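Please read the following note with the sequence and the model side by side. Each point takes up one part of the fold.

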Amino acid sequence: MAHATKQGAQMLHGFKRATRFDSGLGALLPEAYKKFWKEWKQTQPAAVHYIPKEGEWNRDEITGEIKPIQNIPLPLIDPPESNTGIWGGEAVIKGFQKRHRLKRRVPHFWVPVLKRSVVHSEVLNEYMAVVVTDTTLEKIHECRGFDHYLLKNPACDLRSTLALTLKRKILLELLNGCPTRADNAEEQQRLLKEYKCYLEGYTAEEIEWYGYTYQEALKKLQAQIRDENPVKPHKYEFRMQLIEQLKKAGLRETDSSEKTAKTSVEPDADLQALSKLESSSGSGSNWLSKINPFGKKQET
């Protein structure tokens, strides 16, 4: 079986490896989010820490030896702090460094140079102070604006969740017709004309699910399921059943009382005997007081 199927990173002994979208709530996520996830996590990002070489082969100028060109991307580490800023595709690189020719190499981490800067979004009409790098500022200048930088670059190049969240907000703002600029119709039409080209690659559903992490997408899906199928506590159902039972019991009591009133013409014999006993007992003493040992004794 294994020799007849296509092998790859997602194949294990001829069978497809299970992913997070094959079972559980992940299988219920829409195709719009799966498309974003593929763009974010499964697409090769643009080279930032090295200069890729073009072609397939390279000849050494000195020895003339021909070697294949291998543009192998560096393994990058995204710390939690990277999601609170926009690093422009940069990340932490872990490797080794030989600091002396007679000593062994030692582990080393290359960390990007961070700085806090203010960026402006025309569509959202907001100024934001974020942590950026020199690469981020260069790309913003190349794209001629912060909004163009977010909308032109795919999710794999933006990397951080902050950049993806801002991109989703910008796309939603453009999809709704820039309601924040409703007071200035001329500026609103200019923005829609300038940025409407970015809406062609997305549908309304894809924009709604764009930029969420996997856990955030699951929470959003659970909220939608709760809204479509609201869970009603059992106490309301039990209360209605109790009310219905009480109503039925009250009707039965009224029916039984009416029947007894019609059928009972003569008084009960027990009630007559009890009334005779009460009338036969004297007003001063009762026959029960003679039996009661704790009763008061009559003085002679």
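1. Basis of the note. This is a predicted model, in which local features need pLDDT of at least 70 and side-chain atom pairs count only at pLDDT 80 or more, while totals for chains, interfaces and linings use all residues. Residues are numbered from 1 along each chain as its sequence is written, and side-chain values use heavy atoms, with hydrogens and water left out.

2. Overall content. The protein has 11 helices and 9 strands; helices (H or I, at least four residues) and strands (E, at least two) are DSSP runs, numbered from the N terminus. Of its 300 residues, 28% count as buried. Here buried means under 20% relative accessible area, exposed means over 50%, and partly exposed lies in between (1.4 Å probe, protein chains only). Contact means heavy atoms within 4.5 Å. Among contacts between residues at least 6 apart in sequence, 48% join residues at least 24 apart.

3. Helix α1. Which residues of α1 are buried? They are Ala32, Tyr33, Phe36, Trp37, Glu39 and Trp40. Seen down the axis of α1, these buried residues fall within an arc of 165°, so they line one face of the helix. The arc is that of the directions from the helix axis to the C-beta atoms. The face turned away from the buried side carries the exposed residues Glu31 and Lys38. The cover over the buried residues of α1 includes α4, α5, α7 (204-208) and α8.

4. Helix α2. In α2 (residues 134-142), the buried residues are Thr135, Thr136, Lys139 and Ile140. They cover an arc of only 135° around the axis, which puts them on the same side of α2. His141 and Glu142 are exposed on the face turned away from that buried side. Among the elements that cover the buried residues of α2 are β8 (115-121), β9 (126-132) and α3 (146-152).

5. The largest nonpolar core. A nonpolar core is a set of buried Ala, Val, Leu, Ile, Met, Phe, Trp, Tyr and Cys residues joined through side-chain atoms within 4.5 Å. The largest one has 42 residues, and Leu29, Tyr33, Phe146, Leu150 and Leu174 touch the most other members. At least two residues of this core come from each of α1 (31-41), β9, α3, α4 (155-158), α5 (161-175), α6 (185-195) and α8 (214-228). The element that gives the most is α5, with 6 residues. Domain 1 (70-211) and domain 2 (212-245) each provide at least three residues of this core; these domain bounds come from an automatic or database domain assignment.

6. Tyr33. Leaving aside neighbours within four places in sequence, Tyr33 is in contact with Phe21, Trp209, Tyr212, Thr213, Tyr214 and Ala217.

7. On a 1 Å grid over the protein atoms alone, a cavity is a set of points where a 1.4 Å probe fits but cannot get out, and a pocket is an open set with protein on both sides within 12 Å along at least five of seven lines; lining residues have an atom within 4 Å of a point. Grid points are joined across faces, edges and corners, and a volume is the space filled by probe spheres set on the points. By this rule there is 1 cavity of 30 Å³ or more. The largest cavity has a volume of about 40 Å³ and is lined by Ala32, Lys35, Phe36, Glu39, Tyr202, Glu206 and Tyr210. The largest share of this lining, 4 residues, comes from α1. The largest pocket has a volume of about 650 Å³. Its lining has 34 residues, of which Pro45, Leu76, Asp78, Cys156 and Arg159 lie nearest its centre.

8. Most residues other than glycine have a negative phi. Where does Asn125 lie? Asn125 is in the loop between β8 and β9, and its phi is near 60°, a positive value. At 44% relative accessibility, Asn125 counts as partly exposed. Arg144, in the loop between α2 and α3, also has a positive phi near 60°. Arg144 counts as exposed because its relative accessibility is 73%.
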